[in-house]
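Me: I am new to this structure and would like to go through it step by step. Could we begin with a single helix and then turn to the contacts between chains?
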Amino acid sequence: MFGLNQKDTKFLLIVVALTLLTPFLLNPFPTDSAMAQFNAGYPALMQRFAIYGLMAIGFNILFGLTGYLSFGHAAFLGVGSYSAVWMFKLLSMNILPAIILAMIVSGLFALAIGYISLRRSGIYFSILTLAFAEMSYRLAYSVLTPITNGETGLQLNLNDPRILDGAADTSSLPVPGLFGMKMNSTYTLDIGAWSFDFNVGFYVCAVIAILGFYMSLRIFRSPFGMMLRAVKSNQQRMNYTGLNSRPYTLAAFVISGIYAGLAGALLAAMDPLAGAERMQWTASGEVVLMTILGGAGTLMGPVLGAGFIKYCENIFSKINETILHSWFSFLPDSLESVVVWFFARFVGEGWHLTLGVLFMLIVIFLPGGLVEGGQRIASWWKNRGKDEDSSNQPAE
Amino acid sequence: MDAIILQFFNGLEKGSAYALIALGLTLIFGTLGVVNFAHGALFMIGAFCAVTLRKVFEISKVSLDPTKTDFLGKPLEVKTPYVEAWFGETVGSAMINYSVPLAILLTIPVMLFVGWAMERGLIKHFYKRPHADQILVTFGLAIVLQEIVKYFFGANPIQMMAPSDYSGTVNIGAMLGMDIFYPVWRLVYFFFSAVIIGGVFAFLQFTTFGMVVRAGMADRETVGLLGIDIDKRFTLMFGLAAGVAGLAGVMYTPILSPNYHMGMDFLVLSFVVVVVGGMGSLPGAVAAGFLLGILQSFASLNEVKAIIPGIDQIIIYLVAIVILLTRPRGLMGRKGVMED
Amino acid sequence: MSNKFSRRGVLKSGAIAGSGLLLPTYLRAESHSGFTNAPTGSEVVFGFNVPQTGPYSEEGLDELRAFQLAVEHLNGEGDGGMLNTFSSKALDGAGILGKKVTFVTGDTQTKSDVARASAQSMIQKDGAVMITGGSSSGVAVAVQGLCQEAGVIFMAALTHSNDTTGKDRKANGFRHFFNAYMSGAALAPVLGSAYGTERRAYHLTADYTWGWTQEESIAASTEALGWQTVEKVRTPVGAGDFSSYIAPVLNSGADVLILNHYGGDMVNSLSQAVQFGLRDKMVNGKQFEIVVPLYSELMAAGAGSNIQGVYGSMNWNWQLQDAGTQAFVKSFGEKYGRPPSNAAHTSYVQTLLYADAVTRAGTFNPCGVVEALEDFEFDGMGNGPVLYRGADHQCFKDVLVMKGAENPTNEYDTLEIVETTPRAQVEYEPDHPMFAGGDLGQCNPGA
């Protein structure tokens, strides 16, 4: 089905199901329970999971397949966001033109940067991409402020023209939508103590992310994908056989740049603001970390990595000492303060520490990233079954 | 003319910092092939060695002065540093005054230990792993080191003073018959870095150890076949690199008030410097450091900024791109190092 | 994968057991009393969104201390602090409208994107009805825009750019802190009497929106004094080493250096300017001087002895002697063992002002709160009589001109108050050119 073999079709369907059921999966705890702190099923975060997952999928097409490590992908994210917001300001609040323009602009941007940077390989390539992205960031933050609105970020205004939308009411800012469906409208389903948010924006992101995932699956399995893998394993040999690999790597670079631009456009569509920090090297580094953390070169890994980092950023940073005290209030006072002090180092202002420690633990113990962790659990589960079988055998 | 000479000196001083950081990084990165994202953190730890030493010197006996009050109306606490109590006021206050240069004595063992512990405990297991894994683990380590420093010293910059004899300015134009005043400590930093750079080169050039290490960089396998335990020497190299980074940090504190994420601010820059210099080349890293430092200073001149707005923001990256496109392996890179 | 099935199992059994409880509701905002996150239970949630990581995290933590203190006082714990001196007596220490105040915290990382993500989580997940915080104008403006769209109130804490209540003003956003224009207007007369009216000023400005408004304001007010502006130079944010920007000052013929920098940039540029011997120089027959228009006591401590005698301005300082200040400093100092910063003060006051406005309006509805806060006059909060102007949601109050202390006794009294500039001197019209181009719009109670 869908031009995929049976195994891949099953894989794709599982991914689709998981994505569509995200509002349930991420809200496993009743709303009023103490564990509700760990619920991640609110619209803004679910949207970010889908968007950064999409970006990591795209990054993986370049890095996972060809081994070219770009340290400047955030530039495409930023360019996509700026294009999208300008579209909202000038043309229409419908997200389609914004997305299309963002993909075109980021694609062109990626073509230009890729064409130059791919003349070098290895670390020289990484530094070239980094240099381009850092330049974009610094200019966007300062000199290009008329276009980017600098530090504050490009925002919508009441007096923007919005040609296609006609004269809307001028008292409040319009909300991005898709043919009348507003991105921020949410249907909340309460089941017993649980409540689940179904948000239009999230499902738009999710559908696009699934399409992106499907595209990347097709690329991984295509002759083009084979060619990219060949670049990774031995580019020199490829060149000696008379094959010019540059067009293939450039195509991969542009495709992944468009993925990043699309992600940027979606960020702007969910929340119409484009900030310059989106292009900073730390943002580029974050995508690299997501991909490696999840498992570079695997299909699901980058998405898991993206989810992992965004979860830490949004959930752990919000746990403060007051919450810790309420969790550990059952302990005797002296013990409670020790326990709270200890955990407080890892949450709230200390959430970076958690992130750093987890990075190290994962890469030390799971060399293939989170995906390998999943595989190990799966094989342990299978082997456990087998062991039982084998232990049963002598009895027969 | 004055302005150009001043900017040249500024460039030398910036360049010294870039070159020192890049030198340590290229020992690990360009020669051992380990992508060390924790190198900035090593620089930061060096700087905080100076802060620690001053704080230790300033540990004080607290006595209450009933004639004055603090902000809550309680008697004011008066602090006398123990070093002043023990060594007399002159020696004690001199120790506090000279805490930055004295901190070098603390920094060397601390950084050698940190480098040794990092290599033996962590990096050793990552020589054979892909660069991506090295990035992740060293980045994680950098965050952990930062957060530890933040816990003890807070997030605000901490002012470190150069010794009072070296905190003023000196007329560097006197020989030319001009009046050009330049901060003494920045000149000290330049000479200091020249000594360190010279020392590292001499060490690698003229000692047997250095010879083996250079051989190991060129062809690790053959050196191993000759029965030389190259791994042990690489441990010491790591310690050396950490030491250079730490020394760069400790002496830089009077110029740049240290804060816990100063390492991250220098991290990207130091990678750019190393790569522009060329992978696997120590002289390349030093040359690139000074080149970028000087160009950055001149780009900050108002006359230059008037022609190209914002050039001072991007000059380093622009130069990096131009150099990498005209010279495929940077200024002095060796073929085949980190190219795939 | 195994997780999925167990969760589904949980859901299934939950759905069967609770089939009678299956109550679909509409949009969360519409389901209650017509505004976003209307508090339904016995508690009301505030969102404190401050930088907890990155260069401004100390400032963020000090704001957080103040917020927590304000919540305690609102709930009737502690000594009540400024509730006792506040001119409005609507608050009684029994929560707000009978509801206990609780709060959630978040980390902005001083980045607009992250700050908005954090604020969204407070609004969508935790049901916050008011967001406050900030230590950068870019972040404050971005979060203010978000709150306007989401239909909650934003009580800006530390944000000094003219734009926050100028071209980016929003009906749901309020600022108690002073702004760049006021800094300029308050500083200029003091600078005039201290350094004379025949001065040539050289500006180093952080190259982003706050820096620009600061530069514009201080240049305008010093030029009105008779000073000349020699050069305005933009420096990259976070440059670290400013030497290549300071060196050209030496031969520019300028005799005053104005550093439109904040935070770490201010610490570094000021220290380095002193290292270059600027303050020992004589130019045009006058002593060379340095001015830092916006001071922060946390950063002043970082610059150490370099700030001695350097003029700047502040919104408030703990050394003031009025009853409100003393009450606040006492409760803050007893709880945390240190005097509050002016960031902490504005955070604390904003929280109380919001609570008071809700109580007077009798509702948490943002439109009611906006109405109660607009043109509200109050006193007893440490700044003398204050007006929350309705036209742009900016507070008007006295501004402090500060100077680096010559002989600080500890890290908290590195600055001393030179003059309290009266409110009349820093007032301006809502459509002043530096603030033009903005539109409050209408208050938004949410969908």
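This is a predicted model: local features need pLDDT of at least 70, side-chain atom pairs count only at pLDDT 80 or more; totals for chains, interfaces and linings use all residues.

Me: Now the chains. How many residues of chain B are in contact with chain A?
Reply: 32 residues of chain B are in contact with 36 residues of chain A.

Me: Which helix of chain B gives the most to that side?
Reply: That is α5(B), with twelve residues. At least two residues each come from α5 (131–153), α10 (262–277) and α13 (311–326) of chain B.

Me: What kinds of residues are they?
Reply: The side of chain B that touches chain A has 24 nonpolar, three polar and five charged residues.

Me: And how many residues of chain C are in contact with chain A?
Reply: There, 46 residues of chain C are in contact with 41 residues of chain A. Elements that each supply at least two residues to this side of chain C include the strands β1 (23–24) and β3 (100–107) and the helix α1 (2–17).

Me: Which element of chain C gives the most?
Reply: α3(C) does, with seven residues. The side of chain C that touches chain A divides into 15 nonpolar, 18 polar and 13 charged residues.

Technical notes:
Residues are numbered from 1 along each chain as its sequence is written. Chains are lettered from A and ligands numbered from 1 in the order in which they are written. Two residues are in contact if their C-beta atoms, placed from the backbone, lie within 7 Å. Helices (H or I, at least four residues) and strands (E, at least two) are DSSP runs, numbered from the N terminus. Ala, Val, Leu, Ile, Met, Phe, Trp, Tyr, Cys and Pro count as nonpolar, Asp, Glu, Lys and Arg as charged, and the others, Gly among them, as polar.
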